[in-house]
Amino acid sequence: MARQVQFEELARQLSAVGAVKRDLGRILPPECPTGSAAVLTLLGRYGSMRMSKLAELLAVDMSVTSRHVAHVAERGWIERSADPADKRSRILHLTPAGEATLVDLSRRSTELLAERLGDWSDEEVDQLIRLMTRLRDSFGDCRATAPHPRPAAGTAPAPGTPKATAEAMAKAMDKATVASAARAPTPVLEPTTTRTPA
């Protein structure tokens with residue numbers, strides 16, 4: 001079991017992850033803030049879903065989720081169709097324009113990570129992915145149990161990135177997503193608003 005002093009240092013290091021979140025947020029295009037990027041990322045990873053499921057995965061209120069969904073819908077990145085099982089509900093899914101935007105977001109994030117972690121070995125990146133995934137699991141990340149996971153769209157590596165590093169970065173974007181630091185890759189940046197207590 002880790003010692004108290006180790007947990008204290010870990011808490012300090014985790015609080016500094018904000019710098020990673022800020023840098024990932026800065027690379028987003030102006031028309032796609034972090035909440036929108038999170039919506040696209042989750043739809044790209046898990047496929048079509050109801051608004052209630054999206055709110056659960058984002059871990060924010062329905063009102064916040066609705067604002068993010070309205071923003072991406074206005075830009076033609078998602079469509080809302082009637083749920084055959086419940087006409088009062090809507091199913092959200094990516095449009096081709098949304099998929100293209102998600103590819104661009106993933107490229108931006110992957111390039112930033114490849115640049116900042118360029119002096120890391122493939123083994124070190126893999127270790128980071130494993131440990132961040134385990135950390136999320138220890139805190140009960142709701143996305144770990146989302147139905148029908150599928151690979152995130154667009155994992156183009158930065159030019160000149162070694163294949164093993166590019167694959168590790170793609171895993172980092174999808175699983176540990178240093179932006180899960182953002183609670184997102186970004187894309188995978190996710191809004192910081194918390195769910196309102198019932």
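Let me start with Ser36, which is found in helix α3, where helices are DSSP runs of H or I with at least four residues, numbered from the N terminus. Please keep in mind that this is a predicted model, in which local features need pLDDT of at least 70 and side-chain atom pairs count only at pLDDT 80 or more, while totals for chains, interfaces and linings use all residues. Residues are numbered from 1 along each chain as its sequence is written, and side-chain values use heavy atoms, with hydrogens and water left out.

Ser36 counts as buried because its relative accessibility is 1%, and buried means under 20% relative accessible area, exposed over 50% and partly exposed in between, with a 1.4 Å probe and protein chains only. Not counting residues up to four places away in sequence, Ser36 touches His68, His71 and Val72, where contact means heavy atoms within 4.5 Å.

Now to Glu31, which sits in the loop between α2 (18-26) and α3 and, at 39% relative accessibility, counts as partly exposed. Leaving aside neighbours within four places in sequence, Glu31 is in contact with His71, Arg75 and Trp77, and the C-alpha atoms of Glu31 and Arg75 are separated by 8.7 Å although these residues lie 44 residues apart along the chain.

Finally, which residues of α3 meet α4? They are Ala38, Val39, Leu42 and Tyr46, and their partners in α4 are Leu54, Leu57 and Leu58.

Technical notes:
Helix = DSSP H or I, 4+ residues; strand = E, 2+ residues; numbered from the N terminus.
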